[in-house]
Every structure is written in structure tokens, then in C-alpha cells.
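Reader: I have a model open and would like to know what stands behind the labels. Can we go through them one by one?

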Amino acid sequence: QWRSHCDFRQCNSDFADRIAPDAVNIIDFMEVNNEFYRVGEYISAVFNKLRSGVAIICTQKRTGEMYGRGGEFGLEKARLAMSLFTHGRLPTGIIGSAVITKCKNIIGNNPEHKEIFYTLRGGMEYDYLPIKSCPTMQFGLHFYNAKEKKALANEIENYCAASAKPSTDMGDSF
């Protein structure tokens, strides 16, 4: 369905040269193989090409790290930055979360450092409702302290282990 509305282009360098300044641009992913500190420079070049358009830029990150390659250099121009985490594997997908690592130009409460948990099934079906057997999991964006985060990690681990076992029970609803 997207093909009639999108122009897909193969690119692994010189991202700014391929930006449509008045459109939605998605860079999935900004490949940086060395000199990771330069990611801020590459993002800045994309930012400088924009007029009324926006750029959604994805970077790789090491498992468990908060920031993508280039660390906080990648946040300098960002209006909104999020980090994605995988917390558990299900037979049909994962339980993950998105943490807002930067949010600029906000009126009211800034959601920085808040997190939303989700399930991803079949690589394309997202659900962000809490899992009943994970009572620490809150609905929507929530700031989790260290104690809540540890309890939730245990709940997710137990839920995923139980989901891996064959059963006639359909399990939790989301």
C-alpha cells in the first residue's frame, strides 16, 4: 500500500544528499561503521537540508545501552529521541519498551525518561496494553523507578517462560 505514496531509495552513506526537504524522510538505519562520534555531524547535515519536512532517523545500539552509536552526540539536533529495548521473547514475538531519551519544545510535563511497554507479534502487530500477569506494567507512558523496573523484568521473564510452554489455555489477554 505504501508503494504508491512513497519513494524508497537504497542508501548507506551521504544521507543528507538524499533528503526531500519538504517531506517525511525515514532513514532506517543511519549506518555508521567507524568514528561513531561523527553521528551528530551526519544528523546535523540531514537537519540542515530540511525546510518544512521531518526526518526520522534510526541508529543501531548495543543491547542494553540507552543510546545508539555515537552516544549522546546523536541527540544534539533531535526534537524527540527514543530508545527501544527487548525485554522478553514470546513464541510469536517480543515484549519490548520505548524510552523517551530526549524531548524538546514541550509545553507542560516533559515525558523524558518515561517508558511505554509493548508486545510485537509477527513483526508488525503492536499492542501496548499491560499484561495481566505483569501487575507492575503500567498503561501508557510511565516513569519506572529501579525497584519497579526490577520487578517488571522478573514478571516479563516469568510470563515469557510460561508462554513458551505448550498449553491449552490461551493465556493473558492484552
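Author: Here are the labels, each set against its cut-off. This is a predicted model, where local features need pLDDT of at least 70, side-chain atom pairs count only at pLDDT 80 or more, and totals for chains, interfaces and linings use all residues. Residues are numbered from 1 along each chain as its sequence is written, and side-chain values use heavy atoms, with hydrogens and water left out.

Reader: What makes E4 and E5 a pair of strands?

Author: Strands are DSSP runs of E with at least two residues, numbered from the N terminus, and two of them pair if DSSP finds at least two bridges between them. E4 (residues 93-103) and E5 (residues 115-121) have 7 bridges in the antiparallel sense, so they pass under that rule. One of the bridges links Ala 98 to Ile 116 in E5.

Reader: Why are E3 and E6 said to stand at the edges?

Author: The open sheet has the order E3-E4-E5-E6. E3 (80-90) and E6 (125-127) each have a single partner strand, so one side of each is left without a neighbour in the sheet.

Reader: How do you know that Glu 115 is buried?

Author: Buried means under 20% relative accessible area, exposed over 50%, and partly exposed in between, with a 1.4 Å probe and protein chains only. Glu 115 has 4%, so it counts as buried. This residue is found in strand E5.

Reader: And what makes the link between Glu 115 and Lys 149 a polar contact?

Author: A polar contact is a pair of N or O atoms within 3.5 Å; within protein, one must be able to donate a hydrogen and the other to accept it, and residues adjacent in sequence count only if both atoms are side-chain atoms. The side chains of Glu 115 and Lys 149 are joined at 2.4 Å, so the pair falls within the limit. Glu 115 also has a polar contact of 2.6 Å with the side chain of Ser 97.

Reader: Which residues of H2 are buried, and why are they placed on the same side?

Author: In H2, they are Leu 152, Glu 155, Ile 156, Tyr 159 and Cys 160. They cover an arc of only 130 degrees around the axis, which puts them on the same side of H2; the arc is taken from the directions from the helix axis to the C-beta atoms. The buried residues pack against E3, E4 and E5, where contact means heavy atoms within 4.5 Å. On the other side of H2, the exposed residues include Lys 147 and Glu 157.

Note on methods. Helices (H or I, at least four residues) and strands (E, at least two) are DSSP runs, numbered from the N terminus.
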